[in-house]
Amino acid sequence: MDLKSRFTGCLIGLALGDALGAPFEGSPSGKKSLQYLPPVLHYSDDTEMSIGVTESLIAEKGFNPDDMAERFYKNFNIRRGYGAGTISVLRLIKKGMHWSEANKKVFPQGSFGNGAAMRAAPIGLFYFNDSKNLKEVTYTASSITHDHPLAKEGALLITTAVSEILQGRTKEEILESLLHTSEIKEYQEKLKTVESFLQKDITAEDVISALGNSVLALESVPSAIYAFLKYGEDYLKTVEFCLSLGGDTDTISAMAGALSGAYVGIENLPEEFIERLEDKDKLQGLSLELLERVINP
Ligand code: R7I
Ligand code: MG
């Protein structure tokens, strides 16, 4: 599969997962119907911040945390449903405080919400062939708003998965690589649970109680990874499973949707929903510009 298809599939897959999940955020577990969604599918903070990440990598021809931080607050639209901590951190940065200080003002050890992991996929795209920079850039880009090791590690699992997918790895190889990525015990244990779940018949309830469905990175990234590894070759099935978890549906399906989208490519995403996705042309354009920067640095 060509890189164009994977880059576009990843970013559109993220935004569509976010937009399909947003109406069900905070819902209880159980199957959701996609029949009665509004004509235009609006995305939330997950996609707005991923746009900031992508625009910054393009404009700066690589990673510049100060530029990325500035884009985060310039793009910021309160109606997109940002986490409370992130809203405060972005306001402090806008007022002139450096991000490396602002990121510890709300939670003294930095936030361990999933707000860094939800926007990390474009970093995985940009550095897919550059494992030396992938980790460091993922950590620092996360730190801008989420300085806690659990938030940064969640983001690293997403960028690692994206880079593995872009290199054409199988799902088995991707899981193997993820099992070796994290040095944090809590993530290692959850990924081992993911591995064992893939061998059995597992319900949404099992996933919720063992892996989680909350706004915390540790309680959402492993669930998104499970959804991708279980259903990833079918984008809509992946997203529908994430929605069935309830809780932080938009972010879990944004993360799993980015992975599935990169895995199957844009041609295999559901056209009837993409047509209704807000800013689909802008997102497609950004993914192609990002690829251009990777090919012609
Ligand atoms: O992580 P964040 O940007 O939120 C992302 C989620 C996604 O679902 C978005 O779509 C949006 O809906 O929200 O926002 P943060 O405020 O940094 O973290 C989310 C929440 O996690 C916080 O509001 C806290 O409730 C909790 N949290 C913490 N609680 C105690 N101590 C995060 N870090 C801490 C902490 O250090
Ligand atoms: Mg959201």
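Which residues lie nearest the centre of the largest pocket? They are Gly-83, Thr-86, Gly-113, Asn-114 and Val-215. Keep in mind that this is a predicted model. The lining has 23 residues in total. The volume of this largest pocket is about 330 Å³.

Where does that lining come from? Three helices each supply at least two residues: H2 (45-59), H4 (84-94) and H14 (249-264). H4 gives the largest share, three residues. The lining of the largest pocket counts 11 polar residues, seven nonpolar and five charged.

Next, the second largest pocket. Its space is about 200 Å³. Fourteen is the count of lining residues here, and closest to the centre are Ser-131, Leu-134, Thr-160, Ser-163 and Thr-181. Helix H7 (131-143) and helix H8 (149-166) are the elements that give two or more residues to this lining. H8 has the largest share, with four. By class, the second largest pocket is lined by seven polar, four nonpolar and three charged residues.

On to the metal. What coordinates the magnesium ion, ligand 2? Four residues do: Ser-44 through OG, and Asp-45, Asp-46 and Asp-250 through OD. The distances run from 2.0 to 2.3 Å. In sequence, the donor spacing reads S-D-D-x203-D.

Last item, the backbone. Most residues other than glycine have a negative phi. Two residues here are worth a look on that count.

Take Lys-61. Its phi is positive, about 55°, and it is not a glycine. Where is Lys-61 placed? In the loop between H2 and helix H3 (65-75). Is Lys-61 buried or exposed? Exposed, with a relative accessible area of 56%.

Then Asp-279. Again a positive phi, about 60°, and again not a glycine. Asp-279 sits in the loop between helix H15 (271-274) and helix H16 (280-295). Its relative accessibility is 31%, so Asp-279 counts as partly exposed.

To recap. The magnesium ion (ligand 2) has Ser-44, Asp-45, Asp-46 and Asp-250 as its donors. Positive phi turns up at Lys-61 and at Asp-279.

Notes
Residues numbered from 1 in each chain as written. Chains lettered and ligands numbered in written order. Predicted model: local features only at pLDDT ≥ 70, side-chain atom pairs only at ≥ 80, totals over all residues. Heavy atoms only, no water. 1 Å grid on protein atoms, 1.4 Å probe; cavity = no way out; pocket = protein on both sides within 12 Å on 5 of 7 lines; lining within 4 Å. Points joined across faces, edges and corners; volume = space filled by probe spheres on them. Nonpolar A, V, L, I, M, F, W, Y, C, P; charged D, E, K, R; others polar. Donors = N, O, S within 2.8 Å, 3.2 Å for Na, K, Ca; no water. Buried < 20%, exposed > 50% of the residue type's maximum accessible area, 1.4 Å probe, protein only.
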